[in-house]
Amino acid sequence: MAIRHRSDTVLEAKKAKAKLPPMFKVMLLNDDYTPMDFVVVVIQQFFSLSPEKATQIMLKVHREGAGVCGVYPRDVAATKVDQVMDFAKQNQHPLRCVMEEN
């Protein structure tokens, strides 16, 4: 049995574009009880930001009610939220950390 190959056939490779996973903003929310210096420590410790950048975000949280600490894939964002909330609770502060789709 012979296999015939047609020389006039052209195959085109289709490039499949991988869809990037949705990204989520991790934000701290203002309250009237958590000390500002604690918020700066949280931002530095959990988001690896400089003291200057952490202070800028803390002031945004204080003045505007919320501040974005970073943007991450869903699982990383959820882990950061859990870590911050656990740390705040351990230190008896009502600081809230949330995530929302970017």
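**Reading the features**

Modeller: At 38% relative accessibility, glutamate 100 counts as partly exposed (buried is under 20% relative accessible area, exposed over 50%, partly exposed in between, with a 1.4 Å probe and protein chains only). This is a predicted model, in which local features need pLDDT of at least 70 and side-chain atom pairs count only at pLDDT 80 or more, while totals for chains, interfaces and linings use all residues. Residues are numbered from 1 along each chain as its sequence is written, and side-chain values use heavy atoms, with hydrogens and water left out.

Colleague: With which residue does glutamate 100 form a salt bridge?

Modeller: A salt bridge is a side-chain nitrogen of Lys or Arg within 4 Å of a carboxyl oxygen of Asp or Glu. The partner of glutamate 100 is lysine 25, and their closest N and O atoms are 3.2 Å apart. Because glutamate 100 lies in strand 3 (residues 96-101) and lysine 25 in strand 1, this pair ties together parts that are 75 residues apart in sequence. (Helices, H or I with at least four residues, and strands, E with at least two, are DSSP runs numbered from the N terminus.)

Colleague: How many salt bridges does a search of the whole structure find?

Modeller: The search of the whole structure finds 2. Besides the bridge from glutamate 100 to lysine 25, there is one between lysine 60 and glutamate 64, with the closest N and O atoms 2.8 Å apart. Lysine 60 and glutamate 64 are 4 residues apart in helix 2, so about one helical turn separates them. Lysine 60 is partly exposed, with a relative accessible area of 39%, whereas glutamate 64 is exposed, at 58%.

Colleague: What is the place of aspartate 31, and how far away is the nearest side chain of opposite charge?

Modeller: For charge, Lys and Arg count as positive and Asp and Glu as negative; His and the chain ends are not counted. Aspartate 31 has its place in the loop between strand 1 and helix 1. Aspartate 31 is buried yet has no salt bridge, and the nearest side chain of opposite charge, arginine 96, is 8.3 Å away. The side chain of aspartate 31 does reach backbone nitrogens: that of tyrosine 33 at 2.7 Å, and that of threonine 34, which lies 2.6 Å from one of its polar atoms. Leaving aside residues up to four places away in sequence, aspartate 31 touches Pro94 and Leu95, where contact means heavy atoms within 4.5 Å.

Colleague: Which residues have the most contacts inside the largest nonpolar core?

Modeller: A nonpolar core is a set of buried Ala, Val, Leu, Ile, Met, Phe, Trp, Tyr and Cys residues joined through side-chain atoms within 4.5 Å. The largest one here has 23 residues, and those with the most contacts inside it are Val26, Leu28, Val42, Ile43, Phe47, Val84 and Leu95. Two or more residues come from each of strand 1 (23-29), helix 1 (36-47), helix 2 (51-64), strand 2 (66-73) and helix 3 (74-90). Helix 1 gives the largest share, 7 residues. Isoleucine 43 shows how these parts meet: not counting residues up to four places away in sequence, it touches Leu28, Ser48, Leu49, Ala54, Ile57, Met58 and Cys69.

Colleague: How are the aromatic pairs to be read, and how many does the structure hold?

Modeller: A pair of aromatic rings is described by the distance of the centres and the angle of the planes. Rings of Phe, Tyr and Trp (its six-membered ring) pair if their centres lie within 6.5 Å; planes under 30 degrees apart count as stacked, over 60 as edge-to-face and the rest as tilted. The structure holds 3 such pairs. The rings of phenylalanine 38 and phenylalanine 87 have centres 5.4 Å apart and planes at 5°, so they are stacked. Phenylalanine 38 lies in helix 1 and phenylalanine 87 in helix 3, so this pair ties together parts 49 residues apart in sequence. Phenylalanine 38 is buried, with a relative accessible area of 10%, and phenylalanine 87 is buried, at 17%. The rings of phenylalanine 47 and tyrosine 72 are tilted, because their centres are 6.4 Å apart and their planes at 35°. Phe38, Phe46 and Phe87 form one aromatic cluster.

Colleague: Where does serine 48 lie, and what is its phi?

Modeller: Most residues other than glycine have a negative phi. Serine 48 has a positive phi of about 55° although it is not a glycine, and lies in the loop between helix 1 and helix 2. Glutamine 92, likewise not a glycine, has a positive phi of about 60° and is found in the loop between helix 3 and strand 3. Serine 48 counts as exposed at 63% relative accessibility, and glutamine 92 counts as exposed at 73%.

Methods: A polar contact is a pair of N or O atoms within 3.5 Å; within protein, one must be able to donate a hydrogen and the other to accept it, and residues adjacent in sequence count only if both atoms are side-chain atoms.
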